[in-house]
Amino acid sequence: NCEGIIIENATHVQILNNNIFVKGSNDFVVTTYLMNNSEIKNNYFEANHTQTNMRIYASTSNEIINNTVIGSANGIYLCAYGQSNETNETLRSNNNIIRNNTVIGKSTFATCYPIQIMGFNNIVEKNIVTGGNRGISSENNNTIRYNTITNASNGIYTGGKSIIEYNTIKGLDEDSSGVIASGSGSVIQYNKIQADKYGVDI
């Protein structure tokens with residue numbers, strides 16, 4: 001297996017201005033674990049991996065901005081991984097900003113979510129997302145706004161207590177939904193949706 005960049009137990013890291021292509025089906029572009037208060041900016045990342053491209057494990061308060069990410073699996077993937085020694089709760093990726101990225105999913109399989117969020121209080125905004133099974137997929141308590149999603153099987157999937165607003169979603173597959181909301185308490189407003197099945201499915 002091959003990895004482009006690996007970061008573990010680090011703060012104030014800058015991953016800037018790289019051009020990385022990994023060609024193996026088991027190769028990752030970026031893996032981070034417990035990386036906090038860091039930046040991933042202005043990079044070109046492409047992978048042939050069948051499960052994920054950038055895997056960001058249990059990492060908090062980072063900025064992922066102005067990158068191009070291309071692949072046949074999850075693109076920008078904020079992961080839950082490991083357990084807290086104090087609470088025994090799963091460690092998630094919280095309080096991150098994902099902004100102004102271009103993310104292309106080349107597959108419609110369920111392992112291809114161009115942006116996948118497993119964590120809370122993250123902001124996903126102003127990204128251009130093309131293709132994939134779900135353009136953006138998210139757990140509870142996140143904000144997804146001002147994104148443009150085209151040619152995905154479904155536009156946005158979210159858990160409860162999230163804010164989904166000012167997104168443009170179009171060119172979806174047949175029998176698809178613009179926004180799928182699971183759980184209660186989400187605010188879904190001011191989105192522009194063209195969908196074959198449902199605009200918003202709650």
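**Legends to close-up views**

**View A. K41 is buried, with a relative accessible area of 19%.** Buried denotes under 20% relative accessible area, exposed over 50%, and partly exposed the range in between, computed with a 1.4 Å probe on protein chains only. The model is predicted, so that local features need pLDDT of at least 70 and side-chain atom pairs count only at pLDDT 80 or more, whereas totals for chains, interfaces and linings use all residues. Residues are numbered from 1 along each chain as its sequence is written, and side-chain values use heavy atoms, with hydrogens and water left out. The side chains of K41 and E63 form a salt bridge, with N to O at 3.2 Å. K41 belongs to strand 5 (residues 39-41) and E63 to strand 8 (residues 63-65), so the contact ties together parts that are 22 residues apart in sequence. E63 is partly exposed, at a relative accessible area of 27%. A salt bridge is a side-chain nitrogen of Lys or Arg within 4 Å of a carboxyl oxygen of Asp or Glu. Strands (E, at least two residues) and helices (H or I, at least four) are DSSP runs numbered from the N terminus. The whole structure holds six salt bridges.

**View B. K106 and E46 meet in a salt bridge.** The N to O distance between these side chains is 3.9 Å. K106 lies in the loop between strand 12 (102-105) and strand 13 (115-117), and E46 lies in strand 6 (residues 44-47); the pair thus links distant parts of the chain, 60 residues apart. E46 is buried, with a relative accessible area of 17%, while K106 is partly exposed at 47%.

**View C. E125 and R99 meet in a salt bridge.** Their side chains come to 2.6 Å, N to O. E125 is part of strand 14 (residues 123-125) and R99 of strand 11 (residues 97-99), so parts 26 residues apart in sequence are tied together. At 6% relative accessibility, E125 counts as buried; R99 is partly exposed, with a relative accessible area of 24%.

**View D. Y146, Y166 and Y190 are linked into a cluster by ring pairs.** A search of the whole structure finds two aromatic pairs. In one, the ring centres of Y146 and Y166 are 4.9 Å apart with the planes at 5 degrees, so the pair is stacked. Rings of Phe, Tyr and Trp (its six-membered ring) pair if their centres lie within 6.5 Å; planes under 30 degrees apart count as stacked, over 60 as edge-to-face and the rest as tilted. Y146 sits in the loop between strand 17 (143-145) and strand 18 (148-150), and Y166 in the loop between strand 20 (163-165) and strand 21, so the contact ties together parts that are 20 residues apart in sequence. The rings of Y166 and Y190 have centres 5.0 Å apart and planes at 20 degrees, so this pair is stacked. Y190 lies in the loop between strand 23 (187-189) and strand 24, 24 residues from Y166. Y146 is partly exposed at 42% relative accessibility, as is Y166 at 35%, whereas Y190 is exposed, with a relative accessible area of 55%.

**View E. Arginines R55 and R134 lie over the aromatic rings of F28 and Y157.** R55 lies over the face of F28, at 3.4 Å from the ring centre. The charged end of R134 sits over the ring of Y157, 3.9 Å from its centre. A charge sits over a ring if NZ of Lys or CZ of Arg is within 6 Å of the ring centre and within 35 degrees of the ring normal.

View F. Two strands pair if DSSP finds at least two bridges between them. Strand 21 (residues 168-170) and strand 24 pair in the parallel sense over two bridges; the bridge partner of I169 is I193 in strand 24.

**View G. C79 and C112 are both without a disulfide.** The structure holds zero disulfides, a disulfide being a pair of cysteine sulfur atoms within 2.5 Å. The cysteine sulfur nearest to C79 is that of C112, 14 Å away, which is too far for a bond. C79 counts as buried at 2% relative accessibility, and C112 counts as buried at 0%.
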